[in-house]
Amino acid sequence: MIKKGIGASPGVAIADAFVYVKQDVEIPTNEAKDVKEELKIFDEAVEKSKEQLAKIQETAADSLGEEEAAIFEAHALFLDDPDFVGVIRSEIEGNKKNAAKATQDQTDAMYTMFDAMDDAYFQARKADIKDVGARVINNILGIEEVDISNIPNDVVLFAIDLAPSDTAQMDKIHVKGFATDIGSRTSHTAIMARSLEIPAVLGLGDITALVKNGQKVIVDGSTGEVVIDPDAETLAKYQKQQEEYEQYQKELAQLKDLPAETTDGHRVELVGNIGSPNDVEGVLKNGGDGVGLYRTEFLYMDSPEIPDEETQFNAYKEVLEAFDGKPVVIRTLDIGGDKKLPYLQLEEEMNPFLGLRAIRLCFAEPELLKVQLRAILRASVYGQALIMFPMISGVGEVRQAKEILKGCMEELDKEGIKYDKEIKVGIMIEIPAAAVTADIIVPEVQFFSIGTNDLCQYTLAVDRMNEKISYLYNPFHPAILRLVKNVIQATDSEVGKFTGMCGEFAGDPYATLILMGLGLNEFSMSASSIPQVKKIVRSVSYEQAQKIANEALMLETGDDVRKFAEEEIKKLGIKIV
Ligand code: PEP
Ligand code: MG
């Protein structure tokens, strides 16, 4: 059986299926028969929970870093909290509740209490108490949690979705690939898969219901195909493909230290998209010249509360130091749309992607932006930081954001704190209005970075998350190419300014020749895409690329452009795996 989903991280994985679905738990309602025995069951469950959390925290710290591991420390604190443990014990003793019921009731009570508090800290505690409560209940009832941190053999992991805590725990040695029912190319899970360089297919609908534990499966993260129980012929075909992919990666790895330069000496920057300091290694390993997009919202999403200035400063400093003077573009908070923060209570909106998102939210809550800007400025002395504002629709917003930045600089001056006074400021071009008025905006910034993920959805009116209309989501569309050209022209008109691209399109090997020919200076992508794009850049002259771009601009539809791009790649004799 072959299922098609969204290829979210390239490569082929062939292994046994491991289905990871959390079960629903039924809580018994009977009275405690033997109070002493019930208290013992409860105390043992608490101890076991503590041991489990300590173990998870340790693995998370190794694989994902101290920051993400801190979530589990917050969980463990409840297990010593008299408001949790103490109340449950007295409910068992006084009201003869069974241990599971008492735990459930107190978890619910604390959840409701946190929910009612209009404070980011308590909003975050809500999710924590729910997790901890469920863990203790599982231990009381003897429900074995599926342990994905220690899997004895090579597997492909199947799940409805994978939460950050799942990916944190996941056995990185034996999980060879993963496939999920939900998720899109730009979801957190997809970004995580790419930074771990594990093949992944997401958005498969009902794959967890179709596949059984132990069945042989194939996941092709390049084409988005998942094969369950392949016949010998199919298996052989994919095995060959897997070998070719690995061989090809080895070949590409040899380009690591060579510049991204055309045969006639035109140079472009190939840089990485990162979501946390843990992604730095992948960018360096793949020969990235720096970071073109640091999605700082993941720092907020993986934290139980708004990360304070110090926490942010440390994360930015770590990345800047790792890149040792190479550029690191730090994007300010882009929350809203599909990215939510549990501790920021935002009203439900009819059209969240057109709503209070990113810079708009920061203008509504300027304190949020100020803390972040201060942290970036303070970190800026440890390397080459650039500041980038997302979701800008016109020059007025750029001026407003720069005004806030100026205020932060003045504060730091007064406090005698050093920062890079020449720090470059740029914006994301992801709203068509900004792309069209790039010439008006350019005097206010040092660079643009085109966010094709959103630019495409806003220009073509195609929801980037909606699978039903994904056939219309085509960044090769002439409208997008024209906008890209317009933006590049704007920075070309001013000395020392540049246009980059950090949407997924920048890492699409079929787009490289056209984008380079249009004059794009910087390509920012998932680390694993860098070698392939570098190979293409190094295979042509700039003149050839310009010719290809000009021809592409004359085509009428996105499909025509894409087909043309494929032919040009074929002519160069480059294989794309
Ligand atoms: C984009 O919109 O292209 C982009 C890079 O930002 P994000 O995917 O985080 O919205
Ligand atoms: Mg965007």
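## Magnesium site

Glu430 and Asp454 are both buried (under 20% relative accessible area, with exposed meaning over 50% and partly exposed in between, for a 1.4 Å probe and protein chains only). The structure is a predicted model, in which local features need pLDDT of at least 70 and side-chain atom pairs count only at pLDDT 80 or more, while totals for chains, interfaces and linings use all residues. Residues are numbered from 1 along each chain as its sequence is written, chains are lettered from A and ligands numbered from 1 in the order in which they are written, and side-chain values use heavy atoms, with hydrogens and water left out.

Glu430 (OE) and Asp454 (OD) coordinate the magnesium ion (ligand 2) at 2.0 to 2.2 Å. Glu430 belongs to the loop between strand 13 (424–429) and helix 16 (432–436), and Asp454 to helix 18 (residues 452–459), so the pair ties together parts that are 24 residues apart in sequence. Donors are N, O and S atoms within 2.8 Å of the metal (3.2 Å for Na, K and Ca); water is not among the atoms, so sites may look incomplete. Helices (H or I, at least four residues) and strands (E, at least two) are DSSP runs, numbered from the N terminus.

## Pro390 and Glu430

Pro390 is found in the loop between strand 12 (384–389) and helix 15 (395–415). With 0% relative accessibility, Pro390 counts as buried. Between Pro390 and Glu430 there are 40 residues of separation in sequence and 7.8 Å in space, C-alpha to C-alpha.

Contact here means heavy atoms within 4.5 Å.

## Helix 14 against helix 15

The axes of helix 14 (residues 366–379) and helix 15 come within 9 Å and cross at roughly 55 degrees. Helix 14 and helix 15 are therefore oblique to each other (angles under 35 degrees count as roughly parallel, over 145 as roughly antiparallel, 65 to 115 as roughly perpendicular and the rest as oblique). Axes are lines fitted to C-alpha atoms, for helices over the stretch in contact, and angles run from 0 to 180 degrees between N-to-C directions.

Helix 14 contributes Leu369, Lys370, Leu373, Arg374, Leu377 and Arg378 to the contact, and helix 15 contributes Ile404, Leu405, Cys408, Met409, Glu411, Leu412 and Glu415. The residues of this contact between helix 14 and helix 15 comprise eight nonpolar, no polar and five charged (Ala, Val, Leu, Ile, Met, Phe, Trp, Tyr, Cys and Pro count as nonpolar, Asp, Glu, Lys and Arg as charged, and the others, Gly among them, as polar).

## Lys418

Lys418 lies in the loop between helix 15 and strand 13. Its relative accessible area is 68%, so Lys418 is exposed. Apart from neighbours within four places in sequence, Lys418 is in contact with Leu377, Arg378 and Val381; Leu377 and Arg378 also belong to the contact of helix 14 with helix 15.

## Helix 3 against helix 4

Helix 3 (residues 82–95) and helix 4 (residues 99–116) have axes that come within 9 Å and cross at roughly 135 degrees. Helix 3 and helix 4 are therefore oblique to each other. Asp83, Phe84, Val87, Ile88, Glu91 and Ile92 in helix 3 meet Ala99, Ala102, Thr103, Gln106, Thr107 and Met110 in helix 4. By class, seven residues in the contact of helix 3 with helix 4 are nonpolar, three polar and two charged.
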